[in-house]
Amino acid sequence: MKLGTTELLIILAVVVVIFGPTQIPKLTKMIGKSVKNLRAGMASVEDEDETEEPKAKKAAKKSEEPWEE
């Protein structure tokens, strides 16, 4: 499904009518911050996954060691 120039202009006109020309900069700034936070959150989850793997290996290794009483 391709969007042509006419369709994009219609969408832009509807956005301007709904939000008004003064609210569009605020809206785009808010969307930009949301995307930035989403990317940062995804990166932190990936970092947590990488740091949890060695912990899991240590736990598995520790469980293989004989118990000392």
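The protein chain exposes about 6,900 Å², of which carbon and sulfur atoms supply 63%; accessible areas come from the Shrake-Rupley method with a 1.4 Å probe, and for residues only the protein chains shown count as cover. This is a predicted model, in which local features need pLDDT of at least 70 and side-chain atom pairs count only at pLDDT 80 or more, while totals for chains, interfaces and linings use all residues. Residues are numbered from 1 along each chain as its sequence is written, and side-chain values use heavy atoms, with hydrogens and water left out.

Of the 69 residues of the protein chain, 1% count as buried (under 20% relative accessible area, with exposed over 50% and partly exposed in between). Its secondary structure comes to 2 helices and 0 strands, taken as DSSP runs (H or I of at least four residues; E of at least two). Because the 15 residues of helix α1 (residues 5–19) should span 21 Å at 1.5 Å a residue, the 21 Å between its end C-alpha atoms agrees; the expected span is 1.5 Å times one less than the number of residues. Just after α1, Gly20 takes a positive phi of about 85 degrees.

| Residue | Relative accessible area | Class |
|---|---|---|
| Met1 | 98% | exposed |
| Glu46 | 49% | partly exposed |

Glu46 lies in helix α2 (residues 24–64).

Terms used
Buried means under 20% relative accessible area, exposed over 50%, partly exposed in between (1.4 Å probe, protein chains only).
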